[in-house]
Amino acid sequence: MRKIQFVAALTFALLILAVWQIWPPLDVKDAEGNVTKKGSIKLGLDLQGGMLLKLAVDETKLPENIKLEEAVSRALEILRNRIDALGVAEPLIQREGDKYIVIQLPGIKDTNRALDIIGKTALLEFKLVSERYKVTEMTDVDGNIDPAKVPAEVMVLEGKEGERYVIEKKDLITGADLVDAKVQMGQYGEPVVGFKLSPAGGRKFAEITGDNVNRNLAIVLDDKVYSAPVIKSRISGGEGVIEGNFTIDTSRDLALILRAGALPAPVKIVNKQIIGPSMGADAVKKGMMSMFIGAILVLVFMAIYYGMSGIIADFALALNVIFIFGVLAALDATLTLPGIAGITLTLGMAVDSNILILERIREELRTGKTIRAAIDAGYNRALWTIIDSHVTSLITAAILFQFGTGPIRGFAVTMFWGITISLFTAFFVTKSVFDLRKNYKTLSI
C-alpha cells in the first residue's frame, strides 16, 4: 500500500506541476492577432509564421588576414547581436556546414526590415574626398564611369542621392574603432546617427581632421557615401554624426547594425522562406485538431473494447499528454509540426503498451488464474517486451537529437520525453490503479 500511496502522491504532484507549467499552453491573441497573454509553450517557425534564411559567407571577399572558419564564427556572433537588437523572440541562429548560417525568425512581421538589417555588411570607413581628380575626368561620352580612366589611388563611389564622389582608397578609420552609435537630431531637427570612437580611434580622428582642414571627409558605409562634410577644424573627443536623409526608423536601424559591428565579409542569401502567420495558425489548428480527433477515437475504442480497464488506460493516456506539454514548457522547448508528430507517435506507442498489458492479463485469465494473479502476471510478462521496444526508440531519439538540427531536434525531444512518460504511466500509474483493490471478484477487461 505504501508503494501505491507513493505513486499516487508523485503522480498528483507531477500533474499539478505540469498544469502550472503549461497554463496557458499557447499565446492568447485578440481579434487583430496581438498577443494579450503569453503562453508557456513557444511555437516554432512552422506554427506561428516568420522567416527562414540561409546565408552564405562570400569567400571571394574575405579579408586577407581572416580565414573562412573565423569569418563564419564572427558573422554568427554579429548576426546574433543584430537580431537580438531587432527584438525577435526565440530566434534560431546556427551554423550549417563550412560557410552557411541558418536563421529562423518566428513571428517576425516586417521581413523587409529584417532582411535589410541582417544582410548589410555595415563596413564603416572614413576616407578623404580627392582634391586632385574630378568625376568628369573619368566618364565616357554617355556619362558612365570608365574604369580605364580611374587612377589606381582613387575610386568612384555613389552617394545616398545618386551623386558620385572620387574617394582616396587609403583607409583612415574604420568601424573597428567604433564603440557606440545612436540616433540623434541634427541642427534642423532631422534624424542623424551619432557615433563615438574608442580613445585610440578618437586620437586618430583628431589627428586626421587636424591635418586635413577644409577638405571633405567621406563617411562610407558598405561602399556608399552617406555624407562628406567639410572639415572645419580639428575634431577632438572622437564623436561625430552620419547624415543621409534618414527617417527615424532607418537611422535607428543604421545605429543598430553599427553597434553590432561589421560583418567580416558580405553574406549572400541562398534560401529565403517566408511563412505567413495565417499559414502558421492553420498548421496549429490542423495539428491540434488531428491530435484531438485521434485521441478521442483511441479513448473511445479503449473504453469500448476493454471496458473499465480501457478507461484506466485512457486515464494514463490523458496524463501522458499533460506531462509531455508540462515537460516542454519546463524545458522552454519550442513546439513545431515535427514536434506534434513526435507527440502523436509516442501516444500511439503508449496505446500499444497498454493494449499489450491488457492482452497479457486476458491471456492469464484464460489459463484460470485469479484476477489478482492475472494482473500481476500480465504486467510482468509485458514489462520487458515494452522496455525493449521503448529503449530502442529512446536510443533513436537520442541520436536524432545529437545529430539533427531544427525541427528534427524538436521531434527527438518530444519523442524522448513521450516515451519516458509512457513507461511511467503504463507501469506505475495504471498498475497502482489496479492495485487499489486487493481482491477482485470481477474485472471489466
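Which residues form a nonpolar patch on the surface? In this predicted model, the patch consists of M289, F292, I293, I296, L297, V300 and I304. Together these residues have about 710 Å² of accessible area. One of them, I293, lies in helix 7, which covers residues 277-330. I293 has a relative accessible area of 44%. That value falls between the 20% and 50% cut-offs, so I293 counts as partly exposed.

Helix 3 spans residues 68-86 and has 19 residues. From its first C-alpha to its last, helix 3 reaches 26 Å. This is close to the 27 Å expected at 1.5 Å a residue. Its buried residues are L68, A71, V72, A75, L76, I78, L79, R82, I83 and L86. An α-helix has 3.6 residues a turn, so residues three or four places apart point the same way. Several elements cover the buried residues of helix 3. Among them are three strands: strand 4 (50-57), strand 5 (92-96) and strand 6 (100-106). Helix 4 (111-119) and helix 6 (248-260) also contribute to this cover. Just after helix 3, G87 adopts a positive phi of about 85°.

D211 belongs to helix 5, which runs over residues 199-211. Its relative accessibility is 59%. Exposed means over 50%, so D211 counts as exposed. D211 and L394 are 183 residues apart in sequence. In space, the distance between D211 and L394 is 70 Å, C-alpha to C-alpha.

Note on methods:
Residues are numbered from 1 along each chain as its sequence is written. This is a predicted model: local features need pLDDT of at least 70, side-chain atom pairs count only at pLDDT 80 or more; totals for chains, interfaces and linings use all residues. Side-chain values use heavy atoms; hydrogens and water are left out. Helices (H or I, at least four residues) and strands (E, at least two) are DSSP runs, numbered from the N terminus. The expected span of a helix is 1.5 Å times one less than its number of residues. Buried means under 20% relative accessible area, exposed over 50%, partly exposed in between (1.4 Å probe, protein chains only). Contact means heavy atoms within 4.5 Å. Patches are made of residues with over 30% relative accessible area and no salt bridge: like charges are joined within 9 Å, nonpolar side chains (Val, Leu, Ile, Met, Phe, Trp, Tyr) within 5 Å. Accessible areas come from the Shrake-Rupley method with a 1.4 Å probe; for residues, only the protein chains shown count as cover. A salt bridge is a side-chain nitrogen of Lys or Arg within 4 Å of a carboxyl oxygen of Asp or Glu.
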